[in-house]
Amino acid sequence: MKHRSAQSSRIFTAVVRQHRIIRPRYRLLTLELDAKGSAAFASVMPGQFVEIDAGPLSLPQDKDIPAELLDSAKRNIMLRRPFSFSAIRHKGNKFEIDISYHVVGPSTVRLTTLVPGDSLNLIGPLGNGFRIDQSRPIAVLIAGGMGAPPIQHLAAHLKSHHPDMRVTAFIGARSLDEIPFDIGTDPDGGIIFPAFSSVGVPHAMTTDDGSFGVKGFVTQLVEKLLVPGPFQTDKAILYACGPEPMLTAVSRLAAKIGVHCQLSMERMMACGIGLCQSCAIKTRDPQAEDGWSYRLCCKDGPVLDGKDVIFD
Ligand SMILES: Cc1cc2nc3c(=O)[nH]c(=O)nc-3n(C[C@H](O)[C@H](O)[C@H](O)COP(=O)(O)OP(=O)(O)OC[C@H]3O[C@@H](n4cnc5c(N)ncnc54)[C@H](O)[C@@H]3O)c2cc1C
Ligand code: FES
């Protein structure tokens with residue numbers, strides 16, 4: 001009963017204000033939250049997420065669906081899908097949020113049909129976001145692929161709420177086609193991501209295939225720059241979001257150089273509010289008989305302390 005009322009107080013409607021293509025399969029959706037949603041977002045933290053109900057949206061025409069998704073996109077949508085936000089802004093007495101998304105299946109294919117003025121039903125904000133550790137003012141942000149949105153949000157949040165912190169971002173993607181940001185140039189002609197430069201966060205980019213930025217995995221670049229380096233100190237912390245192999249590498253690097261890290265984990269989520277147990281993550285638990293127990297990605301996370309997560 002308690003779960004149901006907590007959930008209903010966070011169900012709200014958002015209106016599409018902008019929707020544009022960033023890369024062929026990556027889009028940026030700007031939503032204006034209604035009064036209830038705006039109230040729920042008053043103290044939102046980067047790393048929290050919303051559950052979107054794309055079920056009522058129509059399918060695009062076949063010619064507008066990526067060929068390899070033609071079959072899967074037509075599946076019925078039984079469940080909401082989780083999405084983080086890449087930015088949040090005050091708009092009068094309401095909030096506007098940006099959702100960057102990758103078109104991968106039935107819900108995200110349907111999202112591509114949204115135009116300004118359309119409505120979406122959302123639940124959120126859900127989960128626990130990044131916990132800002134003010135005793136560690138050297139923040140190294142690491143994003144991989146679609147882990148980029150909450151890291152972009154975190155960069156802006158740290159600069160506006162903790163201006164004395166030293167913040168640097170490292171962003172990795174498989175290739176240029178999979179970079180979920182606009183790309184710009186600085187006055188000297190250098191390539192930049194306005195999402196980070198506009199909030200004053202220096203950043204570096206890697207791609208696995210070398211089609212943009214430094215060739216290799218983002219964690220390799222981070223390791224090369226940080227070991228040994230000024231971050232090898234109890235004043236530093238790594239904040240990361242991305243695919244599990246990247247988070248495993250971040251967790252190992254943090255242990256190797258002796259810094260704290262917080263990881264935003266990803267699991268398939270059925271309910272998003274701690275009821276179905278479908279999003280379990282194996283974590284260290286000194287109180288448990290075997291020294292470990294499961295935590296729920298949607299409720300205890302998605303952000304967990306790196307030292308607590310057990311990667312198999
Ligand atoms: C906390 C959280 C935040 C997220 N934020 C974003 C975001 O900002 N932008 C974005 O594009 N996506 C985000 N995702 C992922 C997004 O929820 C999924 O891609 C979603 O399932 C897409 O729905 P779909 O119906 O289009 O495709 P689906 O059919 O649901 O999924 C397509 C394929 O991706 C696989 N898949 C889906 N979700 C996951 C997962 N969590 N882990 C591993 N494989 C998965 C499925 O098995 C399937 O093969 C987030 C996920 C979580 C848990
Ligand atoms: S998604 Fe249902 S418990 Fe986490």
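## Pro-245 and helix α7

Pro-245 lies in helix α7; helices (H or I, at least four residues) and strands (E, at least two) are DSSP runs numbered from the N terminus. Pro-245 is exposed, since 12 other C-beta atoms lie within 10 Å. By definition, a residue is buried if 20 or more other C-beta atoms lie within 10 Å of its own, exposed if 12 or fewer, and partly exposed in between, with C-beta atoms placed from the backbone. Pro-245 and Phe-311 stand 66 residues apart in sequence, yet their C-alpha atoms are 9.0 Å apart in space.

This is a predicted model, in which local features need pLDDT of at least 70 and side-chain atom pairs count only at pLDDT 80 or more, whereas totals for chains, interfaces and linings use all residues. Residues are numbered from 1 along each chain as its sequence is written, and chains are lettered from A and ligands numbered from 1 in the order in which they are written.

Helix α7 comprises 14 residues (residues 244-257), which should span 20 Å at 1.5 Å a residue; the end C-alpha atoms are 20 Å apart, in agreement. The expected span is 1.5 Å times one less than the number of residues. Within α7, the residues Met-246, Leu-247, Ala-249, Val-250, Ser-251, Leu-253 and Ala-254 are buried. These buried residues pack against β8 (138-144), β9 (166-173), α6 (218-226), β14 (236-241) and β15 (260-264), where contact means that the C-beta atoms of two residues, placed from the backbone, lie within 7 Å.

The largest nonpolar core has 79 residues, of which Leu-141, Ile-142, Ala-155, Leu-238, Ala-240, Val-250 and Leu-263 touch the most other members. Such a core is a set of buried Ala, Val, Leu, Ile, Met, Phe, Trp, Tyr and Cys residues joined through C-beta atoms within 7 Å. Beyond its neighbours within four places in sequence, Ala-240 is in contact with Ile-142, Leu-247, Val-250, Cys-261, Leu-263 and Ser-264. In soluble globular proteins, nonpolar side chains tend to be buried together.

Helix α4 (residues 148-161) also has 14 residues, and the distance from its first C-alpha to its last is 20 Å, close to the 20 Å expected at 1.5 Å a residue. Because 11 of its 14 residues are buried, α4 is largely enclosed by the rest of the structure. The buried residues of α4 are Ala-148, Pro-149, Pro-150, Ile-151, Gln-152, His-153, Leu-154, Ala-155, Ala-156, His-157 and Leu-158.

## Domains and their contact

The protein chain is divided into domain 1 (2-126), domain 2 (138-264) and domain 3 (266-312); these bounds come from an automatic or database domain assignment. Taken over C-alpha atoms, the centres of domain 1 and domain 2 are separated by 25 Å. Their contact takes 13 residues from domain 1 and 15 residues from domain 2. On the domain 1 side, the elements giving two or more residues are β1 (11-23), β5 (87-91) and β6. The residues of that side divide into seven nonpolar, five polar and one charged. Here Ala, Val, Leu, Ile, Met, Phe, Trp, Tyr, Cys and Pro count as nonpolar, Asp, Glu, Lys and Arg as charged, and the others, Gly among them, as polar.

Pro-106 is found in helix α3 and counts as buried, with 20 C-beta neighbours inside 10 Å. Not counting residues up to four places away in sequence, Pro-106 touches Ser-72, Ala-73, Arg-75 and Ile-77.

## Backbone exceptions

Most residues other than glycine have a negative phi, and most peptide bonds are trans. The peptide bond from Gly-124 to Pro-125 is cis, with omega near -5°, and Pro-125 is in strand β7 (residues 119-126). Gly-301 and Pro-302 are also joined by a cis peptide bond, with omega about 5°; Pro-302 is in the loop between β17 (292-296) and β18 (303-305).

Gln-277, a residue other than glycine, has a positive phi near 65°. Gln-277 occupies the loop between β15 and β16 (280-284) and counts as exposed, with 11 C-beta neighbours inside 10 Å.
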